[in-house]
Amino acid sequence: MTYDLVAALHPLLTAEASAEAYAAGSEPGDLEQAVWLRLLERLESDGPPLDPEGWLRKAVRAEARRSRRTTRRERPYGIEPADDTRPGPEQLALAAARRRALRDAVRRLPGRCPRLIEALLSPKDLTYREIAGELGISQGSLGPERSRCLGCLRRLLTPEVAAREPRG
């Protein structure tokens, strides 16, 4: 009985849902699915409708109205809540820990290296001329000095990075 009713109503439901979907701001398939669900609920509680075609037309229009009301009330998010492009709390905490480890290693560098690396990491985005003036060295010696300091920093960080890798 139910299968015959579904088979008989399917073409009509497809046509009605297609006609109402655009004005409702929804997809025809969504309307169809909602009406099938309402029909199954009705079959369980009250049995089949006396006028299945009339009931189906009314159900499609009722679902279309519900969809329009819902669409009017819903507001899009400024960003997608599950947006993977933005870092989550865990990524932010890990990045902060990496920055702290880097700053700690920079402070342990010898000679002028801490000041040089801090100047290179500065948010002011200093030029080589400004860094050289701040450190009191010639601009020409800044490149080799930077290279030496980065080598020292790399050697300081290598044991820490190697020790953090999971083994197994």
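Me: How many helices and strands does the protein have?
Reply: This is a predicted model, in which local features need pLDDT of at least 70, side-chain atom pairs count only at pLDDT 80 or more, and totals for chains, interfaces and linings use all residues. Residues are numbered from 1 along each chain as its sequence is written, and side-chain values use heavy atoms, with hydrogens and water left out. Helices (H or I, at least four residues) and strands (E, at least two) are DSSP runs, numbered from the N terminus. From that end the elements run α-α-α-α-α-α-α, and the count is 7 helices and 0 strands.

Me: What percentage of the 168 residues is buried?
Reply: Buried means under 20% relative accessible area, exposed over 50%, and partly exposed in between (1.4 Å probe, protein chains only). In α3, the buried residues include Trp55, Leu56, Ala59 and Val60. For the 168 residues of the protein, the buried share is 31%.

Me: At what angle do helix α2 and helix α3 pack?
Reply: Axes are lines fitted to C-alpha atoms, for helices over the stretch in contact, and angles run from 0 to 180 degrees between N-to-C directions. The axes of α2 (residues 28-45) and α3 (residues 52-73) lie 9 Å apart, and the angle is about 125°.

Me: Is α2 roughly parallel, roughly antiparallel, roughly perpendicular or oblique to α3?
Reply: Angles under 35 degrees count as roughly parallel, over 145 as roughly antiparallel, 65 to 115 as roughly perpendicular and the rest as oblique. With an angle of about 125°, α2 is therefore oblique.

Me: Which residues in α2 meet α3?
Reply: Contact means heavy atoms within 4.5 Å. On the α3 side, the partners include Trp55, Leu56 and Glu63. On the α2 side, the residues are Leu31, Ala34, Val35, Arg38, Leu39 and Arg42.

Me: How close do the axes of α4 and α5 come?
Reply: Helix α4 (residues 89-107) and helix α5 (residues 113-121) cross at roughly 145°. Leu102, Arg103, Val106 and Arg107 in α4 meet Pro114, Ile117, Glu118 and Leu121 in α5. The axes come within 8 Å.

Me: How far apart in space are alanine 23 and arginine 65?
Reply: Alanine 23 is found in helix α1 (residues 2-24) and is exposed, with a relative accessible area of 53%. In sequence, alanine 23 and arginine 65 are 42 residues apart. In space, C-alpha to C-alpha, the separation is 9.3 Å.
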